[in-house]
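Dear colleague,

Here is the structure I said I would pass on. My notes on what was found follow below it.

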Amino acid sequence: MTKTEGRVLALDLGTSSSRALVLSADDAAPVPGALARHKISPTYATGGSATLDLHEYVEGLLGCLDELQQNGHLDGIGAIVLSSQWHSIVALDNKGDALTPVITWADTRSVDLDLGSSFDEHAFHARTGAWLHRLYWTRRIPWLLSSSSPATFAGLPDLVLERLTGERVTSVSVASGTGTLDLATGLYDDEALEIAQVKADRLPPIVPTGWTGTLSAEYGRRWPGLVGVPVHPPTGDGAASNVGSGGYDETTAAVTVGTSAAVRVVHPIDDAPELPWELWRYRVDDKRAVTGMAFSAAGNVYAWLTSLLRLESDEPVGVPIGASRVIAIPFMAGTRPPATVPSGSGVFFGLSFDDDASGVLAGALQGAALEVDRGLRMLDAVFGRQLDVVLGGGSIDASAWLRRCATATFGRPTTVCAEAEVGARGAAAVALGLSPAPGGEHLTPVDAEVERVAALRSRYERLRELAIQASHI
């Protein structure tokens, strides 16, 4: 970097908060005290709506930069990087003004598509890493076109980048999360565009990983220390979280537990292993892909139950790992593709009058861990080995019980990433070519805990199938 004094400004565009923080350019470690956060409150409504107010979101993020400026943290910045939630979409008019709020990954509205028997969704999935699911633009754009006349479409990170630099572009990483990218070429997929009923010129142009912009004159006056500082294209939060937690090659699976959860492996895009139907694949950058499985319920269930049950402790006090009689199937927010379980399908089995709040919380956290374990075992098979595991994310950082539960459920040693802000750290690592180490504690599974979890796994799987069947009644 030509202007750095060893500091990077990272903008993390999350679903529950947006954050601006300063990192070291050497190892992408957060600078103590140099973090500002704006809480986000998505709007949920009947019919499956889950949206964010675009103006409020962007103004909150800009306020975070103002806070860092006031505290003297924007001096000596040599690069600006972004990590962002995947899958969001905004419909825009011919002037570039938003016609809709930000439609998030949790929004279940879209249209059904009948492409006839000639459409090969397995070939489509192998090429794009995505399915014809409500999560992706292939179904969301036709739905938006059916109710209004948008001129163009963009995601939240594309519009934040445009607000900062004046240029509306997207990265290969963010574009891959739309379900419209040909993973091998890094270009929009012709068949996906045909299904979405748009041409590529109605979507943000894809720029290479090495592209940079600079802040507009307006923001240069607002934050003089950032004038001329290169702004790098955004990295999808899943890819960024993997790299930021130390899972940046095909030997290691990163398990990230925040509002939602995921298990993923980063690997070269060239000679990538065959993609199983149950897993998705997106891009990290020009040379790397990330393969994995995501889950809609994790930290959000933790937050909901601790509030609902008014727990005095955030941990399942007195409940050994794998010992809760309560088995929870955490489908409260439905499932990610390719499964089609709708939101509102969460189930608790085995409740009795002598169960307490800690036992219910333990059952829910155990259910989330078992869901992640399903994806981890699939990735073991894809990469032909038992993968090393690194744990990261805000919920992992907050709960020692959950860290031990994950380790016992996976039945293998784990490393806990020492940094909580893995998304921002990973975005910096991708932009600057760094390979950060997890640097945290190492956990060894306890035999008794592993045995208890193994004993309940088969029962969990049977009850899970019943919950899926019931969700479609």
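**Helix packing, a strand and salt bridges**

In this predicted model, the axes of helix H9 (residues 299–308) and helix H10 (residues 357–383) come within 10 Å and cross at roughly 170 degrees. Angles over 145 degrees count as roughly antiparallel, so that is how H9 and H10 run relative to each other. On the H9 side the contact involves Val 301, Tyr 302, Leu 305 and Thr 306, which meet Val 360, Leu 361, Ala 364 and Leu 365 of H10. By type, the residues of this contact are 7 nonpolar and 1 polar, with no charged ones.

Next, strand E21 (residues 388–392). Strand E15 (residues 252–257) pairs with E21 in the parallel sense over 5 bridges, with Ala 254 opposite Val 390. E21 also pairs with strand E22 (residues 414–416), again parallel, over 3 bridges; here Leu 391 has Val 416 as its bridge partner. Of the 5 residues of E21, 4 are buried, so the strand is largely enclosed by the rest of the structure.

The salt bridge count comes to 20. Arg 127 and Glu 191 form one of them, at 2.6 Å from N to O. This pair links helix H2 (residues 121–128) with helix H6 (residues 190–196), the two residues being 64 apart in the chain. Arg 127 is partly exposed at 26% relative accessibility, and Glu 191 is partly exposed at 27%. Elsewhere, shared partners join Asp 12, Arg 19, Arg 37 and Glu 421 into one network.

Regards

Methods: Residues numbered from 1 in each chain as written. Predicted model: local features only at pLDDT ≥ 70, side-chain atom pairs only at ≥ 80, totals over all residues. Heavy atoms only, no water. Buried < 20%, exposed > 50% of the residue type's maximum accessible area, 1.4 Å probe, protein only. Pairing = 2+ DSSP bridges. Axes fitted to C-alpha atoms, helices over the stretch in contact; angles between N-to-C directions. Parallel < 35°, antiparallel > 145°, perpendicular 65-115°, else oblique. Contact = heavy atoms within 4.5 Å. Nonpolar A, V, L, I, M, F, W, Y, C, P; charged D, E, K, R; others polar. Salt bridge = Lys/Arg side-chain N within 4 Å of Asp/Glu carboxyl O.
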